[in-house]
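Subject: Structure handover

Hello,

Here is the structure for you to take over. My notes on what was found in it follow below.

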Amino acid sequence: MEQALDKGLKAAQSKFTGGLSPIALAAAYADWALHLSAAPGKQMELAEKAAKKAWSFANYATVCSKSPETSETCITPLPQDRRFKGEAWQKWPFNAMSQAFLLNQQWWHNATTGVEGVTSQHEDEVTFAARQVLDVFSPSNFAPTNPEVLAKTLSQGGMNFVRGWQNFMEDVYRVNAGKRPAGLDAFELGKNMATSPGKVVYRNHLIELIQYAPTTDKVHPEPILIVPAWIMKYYILDLSEKNSLVRYLTGQGFTVFMISWKNPDADDRDLGMDDYLSLGVMDAIEAVDAITEGQKIHAVGYCLGGTLLSIAAAAMARDDDDRLKSLAFLATQTDFTEAGELMLFINDSQITYLEDMMWDKGYLDTKQMSGAFQLLRSNDLIWSRVIHDYLMGERSEMNDLMAWNADGTRMPYRMHSEYLRRLFLKNDLAEGRYRVEDGPIAISDIRVPVFLVGTERDHVAPWHSVYKFKLLSDTDVTFLLTSGGHNAGIISEPGHPRRHYRVSTKTKDDTYIDPDRWFAETDPVDGSWWPTLAEWLNEKSGKPVSPPSMGDKTKGFAPVCDAPGTYVFQE
C-alpha cells in the first residue's frame with residue numbers, strides 16, 4: 001500500500017511536469033548553484049563577460065542609431081538557429097533586439113558551463129533548462145517584436161491573427177476530442193501510405209510479419225528482413241510510392257519481409273526486452289527461414305529495431321546460429337555513452353519517475369514521448385509552429401513523413417524500464433553485461449559483414465554514437481553518413497534534392513580512425529545512399545532465382561490478410 005501511494009502520487013504529479021522529475025531537475029540546479037556560489041573566480045569571469053557584452057551591445061546600438069540597416073553584428077547565431085535569418089531582422093530596432101537576446105543567451109551558456117565540480121550530466125541539464133526558459137522570451141515569439149509578423153499584419157489588416165486564432169481553437173478542439181492533427185485526413189494507410197502489396201504471413205501477440213510481393217521476375221535467393229523501431233509504426237520505411245524503401249528494394253530484385261509491431265496497451269505491461277527479442281526478431285527469423293527454405297537472411301534494423309537486432313545477432317553468434325548473411329543498421333546505437341540530448345532524461349531519479357508514471361497505466365503514452373522529443377528541438381517543433389500557425393495565421397502543408405510522425409505508439413512498462421536501465425543507464429550491451437537467456441552476449445562475436453548508416457543531424461542517435469559500433473565489432477563494417485536527420489536522412493530516395501553522403505569500409509584488420517578524422521578524410525558524394533546499400537547487398541547475394549511463395553501453408557505460415565495488416569491500425 002505504501003509503495004502504491006508513492007507511485008500513484010508521482011504518476012499524478014507527472015501530468016503537470018510533462019514527465020520530467022522535479023527532483024532530478026532540483027538536484028541538477030543545486031549541484032550547479034552550490035558549486036558556482038563557491039567559485040568566486042568563475043563569478044568574476046561572468047561579471048567581466050557581462051560587462052564586455054554590455055559594452056559591445058552599446059557600441060552596436062550606437063552604430064545602428066547612425067546606420068539603421070548596418071550589416072555589422074556583435075554576435076552571430078549558431079548555424080542551426082534560423083530565427084533571425086530573415087532580411088527584416090537586419091533592420092532597426094529588430095536587429096538590436098535579436099542581438100541583445102543572443103548576447104543574453106550566450107552569457108547564460110557561459111554561466112551554466114565550465115563550473116568546476118558540477119557533474120557533466122547536471123551541467124547539460126542546467127544548460128538545457130536555461131535554454132528552454134530563454135527561448136520562451138525570444139523576440140521572434142511575440143508579434144510586437146517580430147518584424148515578419150508585423151509586416152504580415154499590416155499587409156493583411158490583422159486577418160492573420162483571425163486565422164491564427166481559428167487554427168489555435170481547432171488544435172485545442174482536436175487535442176481535447178482525441179482527434180488527429182489538422183491535415184492528416186488526407187493520408188490513409190493502405191491508400192496513399194504503406195501501399196506496397198504483400199501479405200501478413202505470420203502473426204503472434206506482438207508482431208505481424210509482412211511478406212512483400214515481388215516486382216521482378218527473378219529475385220536474389222537471400223531475403224531481407226527489416227526490423228523497424230517500435231516507438232513509432234513500421235511504415236516509415238514504406239511511406240508512399242515515391243519514397244518507400246520497401247518498394248525500392250523489391251525493385252532491385254530482393255524478397256522483403258517487414259515486422260509490424262503491435263501497439264501495446266495496459267494488458268501488455270509485463271512484456272519485456274526478452275519478449276521483444278523472442279516474439280519479435282527470433283519468431284520473424286524462424287518464419288522467413290521456413291518460407292525461403294533455409295536461405296540465409298540479410299537483416300536490416302532501424303533505430304531501436306536495430307539495437308534489438310544487434311542483440312539478436314550477438315546471441316545467435318554466441319550460439320553458433322548462422323542464419324544471418326549480413327546486417328544493416330540504420331541510425332542505430334549499440335553504445336549509449338554518447339546518446340545525445342536524450343541522455344538529459346536518463347538518470348536513476350528520472351527513470352524511477354518514468355517507471356512510476358508508467359506504473360499507473362502500464363505503458364508510456366505517446367504524448368509523453370512526443371513531448372520529450374519536442375523539448376529537445378523546441379525552436380523547430382514548438383515555437384516555429386506557434387509563429388507560423390498562430391501569429392502568421394498559416395498552415396504548413398502536411399506531408400507523408402509528418403503524417404507518420406503523428407501516428408505514435410505506446411511502450412510497455414517493463415520493456416521501457418529495462419531498455420532505459422540496461423542500455424542507456426548501465427550501457428550493458430556495449431560492456432558485455434547484457435544477458436540473453438542464460439548468458440551474456442558481446443557485439444564482438446558478430447562476424448557477418450555490417451552496413452552501418454548514420455545521419456548528420458540526428459538528435460536521437462547522433463552519428464558519433466552510431467560510429468562507435470566500429471569499436472565494439474570484430475568484422476568488416478561499411479559506414480555511411482548521410483545528410484539529414486534521424487528520419488528524413490533515412491528516407492532518402494533516389495532523386496531527392498540536396499542529398500549527399502560519405503561512405504567507406506573498414507575491414508576487421510584495419511586500424512581504428514576516429515569519427516572526426518574519418519569525416520575530414522572522406523569525400524562527400526551527391527545523391528541518395530539507397531543505391532549504395534542495394535549494391536552492397538547485391539554483392540553479398542546469390543544469382544537471381546524464381547521468387548519464393550507468399551507464405552507457406554504447409555509449414556504454418558499461411559497468409560493471414562493483405563498488407564499493411566491489422567496491427568498498424570491500432571491507436
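In strand β11, V450, L452 and G454 point to one side while F451, V453 and T455 point to the other, and all of these residues are buried. Before going further, please note that this is a predicted model.

Strands

Strand β11 covers residues 450-455, and six of its six residues are buried. Which strands does β11 pair with? One is β6 (residues 324-330), which runs parallel to β11 and is joined to it by four bridges. Within that pairing, L327 has V450 of β11 as its bridge partner. Another is strand β12 (residues 477-482), which pairs with β11 in the parallel sense over six bridges. In that pairing T455 stands opposite T482 of β12.

Helix α9

Helix α9 takes in residues 273-291, which is 19 residues. At 1.5 Å a residue the helix should span 27 Å, and its end C-alpha atoms are 26 Å apart, so the two values agree. Where does α9 bend? There is a bend of about 30 degrees at D283. The buried residues of α9 are M273, Y276, L277, G280, V281, A284, I285, A287, V288, D289, A290 and I291. After the helix comes E293, which has a positive phi, near 55 degrees.

Aromatic rings

The structure contains 27 aromatic pairs. One of them is Y29 with W32: the ring centres are 5.8 Å apart and the planes stand at 50 degrees, so this pair is tilted. Both residues belong to helix α2 (residues 22-37), where they are three residues apart, about one turn of the helix. Are Y29 and W32 buried or exposed? Y29 has a relative accessibility of 52% and therefore counts as exposed, whereas W32, at 9%, is buried.

W107 and W108 form another pair, with ring centres 5.2 Å apart and planes at 90 degrees, so this one is edge-to-face. W108 counts as partly exposed, its relative accessibility being 32%.

Ring pairs also link a cluster made up of W230, W261, Y276, F336, Y419 and F424. Y276 in that cluster is also among the buried residues of α9.

Two arginines are placed over tyrosine rings. R410 lies over the face of Y363, at 5.5 Å from the ring centre. R422 has its charged end over the ring of Y434, 4.0 Å from the centre.

Salt bridges

A search of the whole structure gives 32 salt bridges. Among them is the one between D400 and K242, whose closest N and O atoms are 3.8 Å apart. D400 sits in helix α14 (residues 400-405) and K242 in the loop between β3 (224-227) and α8 (245-251), so this bridge ties together parts that are 158 residues apart in sequence.

R323 is buried, with a relative accessible area of 16%, while D321 counts as partly exposed at 23%.

In helix α15 (residues 413-425), R414 and E418 are four residues apart, about one helical turn. Their side chains form a salt bridge of 2.9 Å, N to O. R414 is partly exposed, with a relative accessible area of 32%, and E418 is buried, with 17%.

Which residues are linked in a network of salt bridges? The members are E170, D171, R174, R385, D389 and R395.

Regards

Terms used: Residues numbered from 1 in each chain as written. Predicted model: local features only at pLDDT ≥ 70, side-chain atom pairs only at ≥ 80, totals over all residues. Heavy atoms only, no water. Phe/Tyr/Trp six-rings, centres within 6.5 Å; stacked < 30°, edge-to-face > 60°. Helix = DSSP H or I, 4+ residues; strand = E, 2+ residues; numbered from the N terminus. Buried < 20%, exposed > 50% of the residue type's maximum accessible area, 1.4 Å probe, protein only. Lys NZ or Arg CZ within 6 Å of the ring centre and 35° of its normal. Salt bridge = Lys/Arg side-chain N within 4 Å of Asp/Glu carboxyl O. Expected span 1.5 Å × (residues − 1). Bend = angle between axes of the 7 residues up to and from the residue. Pairing = 2+ DSSP bridges.
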